[in-house]
Amino acid sequence: ISDQKPLGCWSLKHGQILTCPVVCNFETHEYIAVHDDKVLRIWKNEDINLDKAFKATLSADVYRIHSLPEVGPVVLFRGGGVRTLDALLEAPQQEIENVISDEVIRWSGAFMEGQQPVLIFATEKDGDFFVYVQKPKLSSLHKYKLEQQESSKPLCFTAHITNQTVTLLCLYSNDSVYQVLIPLQQDTEEEEEKEILSKSLLLNFSVPGTVLKGTSLVVLDKDHVAVLGSLAVAGKEPRECLSIWNTKFQTLQTSKELPLGTSGQLWCYEEKFFLIHGKVLTVIMYKCETSSLAAAVGKLKDSQNPDVSLFVNWNTLEDEELLVSFQSQGSVALKAESKMNLRSRRSTVAKVQPETLSVGQLLVNLKDASNYVLEAELKQLMSKAPTPDLQATIGCVVTALTDRCKRNPKYYPQNFLLEIVETRDLSYSLCPDLMAVALEKKDMHLLQVCLERFPDIPEEITYACLKAFLSISEAHLQNIDVDLDSVICYADVEFNNKGVKTEIVENGFSSEMDQDMCDTKIPEEAQSWSDVESCPVGLQKAALLNAVLHSAYTETFLLPHLKNLPAQQAILFLRYLYYLYVKCSERVNTTLPGTRSPTINQIMDWMCLLLDAHFTVMVMLPEAKELLSNLHKFVRAQVRFYSELNKIEGSLRELQRLNHLRESQTYSIEVLEII
């Protein structure tokens, strides 16, 4: 989420539908999904094709899968039956009992009580609501009926277990939260008689002049709950909001409107809220202090952070709203990250400023400032003492600069941007427009630095950089300042029309030996490729291509873009990769010298990617025949070489063992015969 980068993507076949949320098995690190109600799929992160993943067809429809630590996933069927995943996998077609009759499951949750999993689910039938508490390992099932509430019904549920007691919280349509206490009974026999559960009013959303219609409820701790819903004020249209309530003192602790709209769902995990706000997944940090009357009535102050709520840091949401409004006005686009409050200072671009300015407000004030004033203010902003939000602040600074570059084509602070990227710990997600602007300006040096430093560059941008590097002329690159540390130590600086000359001695093989190993006959000019190899690109272009090789990528997302690479550029890139492969293979440790030089694994991975994307085209092109033939010949020689090494591996290990057993003070001559 922090890097805004997809790590994996799996698709179902056309016509198949996921029918319950996908969960992760904490024990095996596998994903578990159900499609078309009965088909179970299990796969791992490295699996690419979901259709080839493990498949099991069950005998009944699945409602939810709940993943619990230490005990593994628990499966709840629509008929109320419960099985552990391990039990299901032993016999997928086993009969599943129907626990509920003509009832529809409205909510379910799984919890741990000691070492035992406990599954709780609520059902509805003809306006009546029932609660089931089940312990799958003990075959224990208890059914309860919720006490009816006149003219209102439950909208959502949440629960937690404390001291052998289930606390069920129900959000009702009358803008109230009711609490139901259910003791966990120890007997293992199924109860036939339905016990009616009484409920007590826990919280009423009574704010003078407003009506809160909740849609989702989560428990934060024993004294606080969070509610996502719509807030209706007299004379105004209802607006969605997120609010936190103190159940101990019946007070609204804090709230925030969500003008971009939500999906109505709210999750919390490790003191973070997760919700869909507009078109993005928003993560909001919160921390519940010890409940006290002073905090409940808002009298507890934080002298160091007067603008930050005691409970929730709303800055993420505020910056999202600024982002949307600025984009619609063609103004400065801010990254949706936490803001940093600044001390007020005199400025030539604003007549009056409050005592503290957020980064967003400062950048708005600088929108129409001159280039000199803008850069001076931004440099002063970055020179502040380090704070937890400094990285996000630097991202906002870069975004402000790139936004001005887009609005004013003549403005491009190349040195300033390069200084920021080289000296600050940035990422692509903090300044997503930077590399796009650098591509437009053909700033190869900045692109090189970004590729080497950013851990989260989208595959589309990586491909765009590769295409730009391959298409730019060698003559133009001679006038560009590029970091050559990754290439200068293994390529000779002697230029001719073909590129950089360097002599290749293949790993234990002569060209004659290679020719004997390969049945394919190649022209005489191709044989010179094995004798004296010439780097197909100049030093500057080689350094830029090395930066691409260092960039992180996901094969699934990169391959479609790589297929669009023009054939001539693909052949040139493959020639360079082959050159690097030979250079690595001639060294004992297969490691190229220099700083940030590509590794043998990176070279091999990119060669495979390029061949996967363009193999058919390269086979058909006459100019690629020589390259593919040489590549085939060299790889075949490498396979033979390592095969011979494997044959004497046992003898070498025996020699190493004898060397350890030999006494250091004893002189001896030993003759070992290797057969």
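Reader: On a 1 Å grid over the protein atoms alone, a pocket is an open set of points for a 1.4 Å probe, with protein on both sides within 12 Å along at least five of seven lines. How much space lies in the largest pocket here?

Author: About 1700 Å³, as the space filled by probe spheres set on the points, joined across faces, edges and corners. This is a predicted model, where local features need pLDDT of at least 70, side-chain atom pairs count only at pLDDT 80 or more, and totals for chains, interfaces and linings use all residues. Numbering starts from 1 along each chain as its sequence is written, and side-chain values use heavy atoms, without hydrogens or water.

Reader: Switching to sheets, what order do S22, S23 and S24 have?

Author: S22-S23-S24, an open antiparallel sheet, with pairing meaning at least two DSSP bridges. S22 (262–268) and S24 (280–285) each have a single partner strand, so one side of each lacks a neighbour in the sheet.

Reader: How many bridges join S22 to S23?

Author: Four, and S23 covers residues 272–277.

Reader: Which residue in S23 is the bridge partner of Thr 262?

Author: That's His 277.

How values were computed: Helices (H or I, at least four residues) and strands (E, at least two) are DSSP runs, numbered from the N terminus. On a 1 Å grid over the protein atoms alone, a cavity is a set of points where a 1.4 Å probe fits but cannot get out, and a pocket is an open set with protein on both sides within 12 Å along at least five of seven lines; lining residues have an atom within 4 Å of a point.
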